[in-house]
Structures are given as C-alpha cells and as structure tokens.
Amino acid sequence: MKLFYIIGFIILMSFDTLAQISFKFASIHAMPLTYDMAWLIRILSHYWIYGAIIGYIGAFFTWMTLLKHAPVGPAFAASHLELISVTLLSIWLFNEPLTFAKVLGATLILIGVLFLAKDESKQHLSTNEVLK
C-alpha cells in the first residue's frame with residue numbers, strides 16, 4: 001500500500017505541475033491582456049492551455065483515487081508538493097529567482113509532509129496493536 005501512495009502522489013504532483021507550468025506558458029502567449037474575443041481565441045489556439053486542462057483533469061481523478069485510500073492529513077500535505085516542483089521548474093524554465101523565502105517554504109512543506117506521514121504511521125501501528 002505504501003508503494004501505491006508514493007506512485008499516486010508522484011502522479012498527482014506531475015499532473016499539478018503540468019497544469020501550473022502550462023498556465024504560465026499560456027499566459028505568456030496570451031499577451032497582451034485585452035479581455036476580448038481576439039484574446040480568447042489567442043488563448044484557445046495555443047496548445048499550452050490544453051496542457052493545463054489535462055493537468056487539472058488528471059490531478060482531479062488522481063486526487064479522488066488517493067483520497068479513497070490515503071489518510072486525509074498526510075494526503076492533503078503531500079498534495080502540496082507540487083509547489084516545490086513548480087518552483088524548481090520556474091527557476092529553470094522562466095529564469096525566476098531562487099530566494100530564501102522559496103527555500104524556506106519548500107523546506108517547511110517537506111517537514112510538514114514528513115511529520116504528518118510519521119504521525120499517521122504511528123497511529124496506524126497503535127490501531128493495529130489495539131485490534132490484536
């Protein structure tokens with residue numbers, strides 16, 4: 001079951017990352033921002049918007065599948081790992097700066113996921129001991 005969670009969260013992170021990066025590329029290609037039919041056609045004619053849609057649909061179905069099996073606390077925390085992957089890809093793809101705040105935020109997200117996962121495994125062990 002642990003392998004299921006790991007693979008599931010990697011897939012979820014991949015879909016979420018695809019959606020965010022695709023939206024960024026779509027927004028770059030949609031400039032100038034004019035809120036008219038030409039702007040909407042410009043957005044819909046670029047393939048990055050469809051990457052974003054696929055990313056969100058994939059993330060939705062992956063998330064629903066994971067929630068059937070995974071404990072909510074660690075699952076919710078792990079679902080935010082895409083913030084780290086999007087940050088790293090944004091540094092590479094969009095030349096965004098790596099700041100102390102981003103490093104600190106990524107570190108806190110990882111620590112939170114690890115603490116929740118550890119707490120959940122302790123509760124699972126305690127529950128199994130009570131059932132025996």
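Reader: Is Thr17 buried or exposed?
Author: This is a predicted model, where local features need pLDDT of at least 70, side-chain atom pairs count only at pLDDT 80 or more, and totals for chains, interfaces and linings use all residues. Residues are numbered from 1 along each chain as its sequence is written, and side-chain values use heavy atoms, with hydrogens and water left out. Buried means under 20% relative accessible area, exposed over 50%, and partly exposed in between (1.4 Å probe, protein chains only). Thr17 has a relative accessible area of 8%, so Thr17 is buried.

Reader: Which residues does Thr17 touch, not counting residues up to four places away in sequence?
Author: Contact means heavy atoms within 4.5 Å. Thr17 itself is found in helix H1, residues 2-29. Helices (H or I, at least four residues) and strands (E, at least two) are DSSP runs, numbered from the N terminus. With residues up to four places away in sequence left out, the partners of Thr17 are Glu82, Ser85, Val86 and Leu89.

Reader: Which residues in H5 meet H1?
Author: H5 covers residues 82-94. From H1 come Met13, Asp16, Thr17, Gln20, Ile21, Lys24, Phe25 and Ile28. On the H5 side they meet Glu82, Ser85, Val86, Leu89, Ser90, Leu93 and Phe94.

Reader: How are H1 and H5 set to each other?
Author: Axes are lines fitted to C-alpha atoms, for helices over the stretch in contact, and angles run from 0 to 180 degrees between N-to-C directions. The axes of H1 and H5 lie 9 Å apart, at an angle of about 40°. Angles under 35 degrees count as roughly parallel, over 145 as roughly antiparallel, 65 to 115 as roughly perpendicular and the rest as oblique. H1 and H5 are therefore oblique.

Reader: How are H1 and H3 set to each other?
Author: The axes of H1 and H3 come within 7 Å. They cross at roughly 155°. H1 and H3 are therefore roughly antiparallel.

Reader: Which residue does a cis peptide bond join to Met31?
Author: Most residues other than glycine have a negative phi, and most peptide bonds are trans. Here omega is about 0°. The cis bond joins Met31 to Pro32.

Reader: What is the phi of Tyr35?
Author: Tyr35 is found in the loop between H1 and H2. With a relative accessible area of 64%, Tyr35 is exposed. Tyr35 is not a glycine, yet its phi is positive, at about 55°.

Reader: Is Asn95 buried or exposed?
Author: Asn95 is found in the loop between H5 and H6. Its phi is positive, near 55°. The relative accessible area of Asn95 is 67%, so Asn95 is exposed.
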